Amino acid sequence: MRLEILCQDRLGIAQEVLNILALHQISLRGIEVDLVGIIYLNLPDLAFAELQQLLPEIRHIKGVTDVRTISFMPSEREHYELSTLLQTLPDPVFSVDTKGGVIIVNESGLRVLGGTLEDVRQIPINQWLQGFNLNRWVQQAEHWPMSIPVKVQGEAYLADILPVHVPNQQQDQTLVGAVICLKSADRLGKQIHALQQVESSLFSEILAVDTETKRVIKQAKKFAGMDAPLQILGETGTGKELLARACHSFSVRAEKPFLVLNCASLPDNVAETELFGYGERIVSQEQPIIKHGILEQADGGTIFLDEIGEMSSHLQVKFLRFLQDGTFRRVGDDKEVKVNVRVICSTQKNLPLLCQEGKFREDLFYRLNVLILHLPPLRERKKDIIPLAEMFIRRYASQQSKVPPKLSKASVNLMQQYPWPGNIRQLEHAILRAITVLEKGEIRPEHMQLPSYADRVGYLSTSFEGTLEESVKKFEKQLLTHLYPAYPSSRQLAKKLGVSHTAIARKLRDYGITKHSR
C-alpha cells in the first residue's frame with residue numbers, strides 16, 4: 001500500500017508522520033519526500049478499519065492538507081520506466097565504474113558478451129572491448145562524451161562513451177563511471193535509411209498549426225526511432241491511430257507490417273487468437289492448420305493496440321509475458337514463438353486509476369508507461385480547426401467532382417466556438433455532410449448540422465421553440481414524472497425537492513402525473 005501526503009514544507013512534519021506509524025506499529029518499507037511538499041509512504045497492506053483510523057490522524061498533523069492512497073511510489077515508476085527503456089533498446093548498453101567493472105548491461109549487451117548478468121557483473125569491460133582504454137580515459141583531467149570505433153568479440157561497432165558525473169559538496173562533479181552504447185554498422189545503416197525516409201513518412205499528412213500540436217509531432221518523431229513501448233493518449237477522434245501509423249512509417253520498421261487490434265471490439269477468446277494465433281487444428285479431413293496472430297504477422301514491424309485499457313485480465317497476463325522477453329505461445333500450443341515487434345498502444349482511460357481499482361495490472365502498466373504522447377482535443381487546438389476544415393473541403397469536393405466551396409463567416413465563428421466532443425473525426429464528418437448537401441454558394445452552419453452540445457451536459461435538443469417559462473415547465477414535468485414512482489406521495493416528493501407538499505400536489509395535478517405515468 002502506498003500513501004501520498006500533501007503538506008506544507010515544515011521542519012519536523014515527516015517525523016510526526018513516522019511517530020504515528022510507530023504508534024500503530026506499522027513497519028515502513030520506504031519513504032520519499034518531494035520538494036514541492038509531498039511525502040510518499042510505502043506500507044504493508046492495511047485492513048480497511050486500520051486505514052480508516054490512520055488517515056484521519058495523519059490529516060490532523062499541522063500542515064497536512066490531504067492524504068490519499070496511490071498505486072505506486074515515484075521511485076518505483078522511475079525505476080520500471082528506466083529499466084524497461086534500457087531493456088527495450090536495440091543497441092548494446094553497458095554501465096561501468098571508474099575501474100571498468102560492468103555494473104549494468106541490457107539484454108542486447110548480454111547477447112554481444114555471450115553470458116548472463118551474473119557472469120559479467122564486475123568483470124572489467126576491457127576483457128571484451130578493444131580499441132578504447134578506459135583507465136587512460138578516467139585519468140584525464142576532463143571527461144566529455146565521445147564516439148570512437150571499437151571491436152567487441154571481433155565485431156566492429158561505433159561506441160558512444162558517455163561520462164557519468166555525481167555532484168559533490170564542493171558544487172563540483174565527481175566522475176563515477178561511464179555508459180557505453182554500441183552501434184553496429186547495420187544499425188547505423190538503418191538509422192541513415194530512416195533519415196532518408198523522413199519526407200515520405202505519414203507525418204507530412206498530419207496538419208499542425210497549433211503550437212501544442214507541433215510540439216507533440218516533434219516529440220513523436222523522436223519517439224518513432226525507438227523500440228520502447230509507446231502510449232498515445234487522447235479522446236476519441238483525435239487521430240491516435242494516424243499518429244501511430246506515422247511513427248511506424250518514420251522508423252526503421254517502415255517496410256515491415258503495421259497491424260491494428262482494437263482491444264474493446266472483440267470478445268476475450270477472439271482477441272486472444274487474433275493477437276497470439278492458435279496451434280495446429282484439424283478442420284474436416286484437411287491438413288492441420290495453424291493460425292498466425294498479428295504478433296507473428298507483424299514480426300519486424302509494429303502492432304497498434306487500440307484501447308489497451310479494455311484488455312481483459314487474462315490477456316494482460318499473457319501480453320505482459322510477451323513484453324518481458326518477446327516470446328509467447330499460441331492458443332492451445334506448447335511451442336514458444338519469438339518475434340521482434342514494436343508495441344504502440346492507445347487509450348482514453350486513466351490507467352493509473354484502473355491500476356488502483358485492480359482493473360489493470362501494475363506490472364503491465366510499468367512496462368507500457370515508457371514513452372507517452374498526449375494528443376490534445378480539437379477544442380484546445382483552435383488554430384487547427386479552420387485549416388483542418390479547409391483540408392477536408394478540398395478532399396471531399398475533389399471526390400465529388402465539385403469546386404471547393406468557401407466557409408461563410410457564420411460557419412467559421414460556429415466552428416471556432418463549438419466544443420467538438422467528437423474531435424477531428426466529427427469535424428471531418430460535418431464537412432463531408434456539408435459538401436454532400438451543398439448545391440452552390442458558401443458552406444453555412446445549417447449545412448454541417450452540428451448538434452447542440454455543452455460541457456458536463458452533453459448533446460442537447462435542437463428544438464428550443466417556445467418561451468423560457470414553457471421550457472422550464474417541460475423540464476419540471478419530466479423531472480416529476482421520473483421521481484414520482486420512487487417517492488409515491490406528495491409529502492415524500494416535496495421533502496426530496498425541498499418544497500411544500502401542497503405545491504407538489506398542485507403540480508402533479510396540473511401535469512396529470514400519476515404513479516404509473518412513467
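The charged end of lysine 318 sits over the ring of phenylalanine 276, 4.6 Å from the ring centre (NZ of Lys or CZ of Arg within 6 Å of the centre and within 35 degrees of the ring normal). The model is predicted; local features need pLDDT of at least 70, side-chain atom pairs count only at pLDDT 80 or more, and totals for chains, interfaces and linings use all residues. Residues are numbered from 1 along each chain as its sequence is written, and side-chain values use heavy atoms, with hydrogens and water left out.

Eleven aromatic pairs are found in the whole structure (ring centres of Phe, Tyr or the six-membered ring of Trp within 6.5 Å; planes under 30 degrees apart are stacked, over 60 edge-to-face, the rest tilted). Phenylalanine 276 and phenylalanine 328 form a tilted pair, 5.6 Å centre to centre, with 50 degrees between the planes. Phenylalanine 276 belongs to helix H10 (residues 268–276) and phenylalanine 328 to strand E16 (residues 327–329), so the pair ties together parts 52 residues apart in sequence. Helices (H or I, at least four residues) and strands (E, at least two) are DSSP runs, numbered from the N terminus. Both phenylalanine 276 and phenylalanine 328 are buried (under 20% relative accessible area, 1.4 Å probe, protein chains only). Tyrosine 418 and tryptophan 420 form an edge-to-face pair, 4.9 Å centre to centre, with 80 degrees between the planes. Tyrosine 418 and tryptophan 420 are also buried. One aromatic cluster is formed by Phe72, Tyr80, Phe365 and Tyr366.

Terms used: Buried < 20%, exposed > 50% of the residue type's maximum accessible area, 1.4 Å probe, protein only.
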